[in-house]
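Dear colleague,

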Amino acid sequence: MQTLEEKNDTAWLDNLRVVATIAVVLLHVVAPLALKFGKISNADWWIANSIDSLVRFCVPVFVMLTGALLLPRVHTLESYLKKRVARIILPFLFWSIIYILHFLTRLPSNFEFSWQTVSKIAGNKLLTGASYHLWYIYMIIGIYLILPIIGTWVKKASEKEIIYFLGLWLLSVIVSNSFLKDYIPDFNLKYFSGFIGYLVLGYYLSLRTLNVKIATAMFCFGIIVCAFGTYYLSIQKGSLSVELYQYFSLPVIISSIGIFSLFKNLELKKSYLVRIRNLINKNSFGVYFIHILVLFYLNKFGLNVADFGFVIGIPLLTFLCFSISLLIIFLLKKIPFLRVLVG
């Protein structure tokens, strides 16, 4: 199989990264609204549920992009750890400190600050995540640490062996699915489970072209099953069911494969769109780190979905959060010593 670098064909991955970055911001705007099942109007909830189902591909696609771009490359362990892992650690620590300070500023005025209490809070936050979205960084650090080993394997593996691995990964997902686990033998497939599967899947799909109609059908099918399935399960449960929102639910896997494959057939031809894409690509990591903070202050200062209505409020808040986050990261990177820290 010919790699992307050999084909010199990575522009579509840049396009997909932009869409996934916007999708992450949109997910964090709409997810709290989807959680209000039974507490808001049915029409508003369906808007939130449909958008939530639409953008659930974002995290799987980010991992698939990592697999497509990094697995084919030749890595010496020492240079890889310095270049890749260190590149994540510094921004992670920087933004963790920012979010810890943000947390401390929101403590009650009668809170007794001391070095002991502050250090304990900081330590706990670093262990569990200074902000809820930073779970992804903990996960991707683990992925990066094992990537050179997986990379060595995929470069030597035959296509059949890669398909075999992906088949076992998919089986591990099915076995762990709460709807099916009572009817399937409990095989120990933990070594094939988790985001490693998306890593290898991204590598494999980057070298194979799926028919546009099939890719589109898979993307739409995954979204529809996720949205209507979530509604049905929530009705049965009497409260929101998040089973199908999970990144390892079959509808999310299907929609992720669909959009990943679909973008192989899309090309940006307008020069101004290419410039916008390149700008977002260079700053997407920083946008991921900061957008939760921006979203918090937008809501604090009265810019929230409820005031504008779901139809206008969701796209408006997403646009503002994304644009402000991008602008802040762009400006911070103009400061030399912050360039490597902000992502």
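**The largest pocket**

The largest pocket holds about 830 Å³ of space; a pocket here is an open set of points on a 1 Å grid over the protein atoms alone, where a 1.4 Å probe fits, with protein on both sides within 12 Å along at least five of seven lines, and lining residues have an atom within 4 Å of a point. The volume is the space filled by probe spheres set on the points, which are joined across faces, edges and corners.

This is a predicted model, in which local features need pLDDT of at least 70 and side-chain atom pairs count only at pLDDT 80 or more, while totals for chains, interfaces and linings use all residues. Residues are numbered from 1 along each chain as its sequence is written, and side-chain values use heavy atoms, with hydrogens and water left out.

Of the 26 residues that line the largest pocket, Arg17, Arg84, Arg87, Tyr144 and Phe285 lie nearest its centre. The helix α5 gives the most to this lining, with six residues (helices are DSSP runs of H or I, at least four residues, numbered from the N terminus).

**Cysteines**

There are zero disulfides in the structure, a disulfide being a pair of cysteine sulfur atoms within 2.5 Å. Cys220 is in no disulfide, since the nearest cysteine sulfur, that of Cys226, is 13 Å away. Cys220 is partly exposed, at a relative accessible area of 37%, whereas Cys226 counts as buried at 1% (buried is under 20%, exposed over 50%, partly exposed in between, with a 1.4 Å probe and protein chains only).

With best regards

Terms used
Helices (H or I, at least four residues) and strands (E, at least two) are DSSP runs, numbered from the N terminus.
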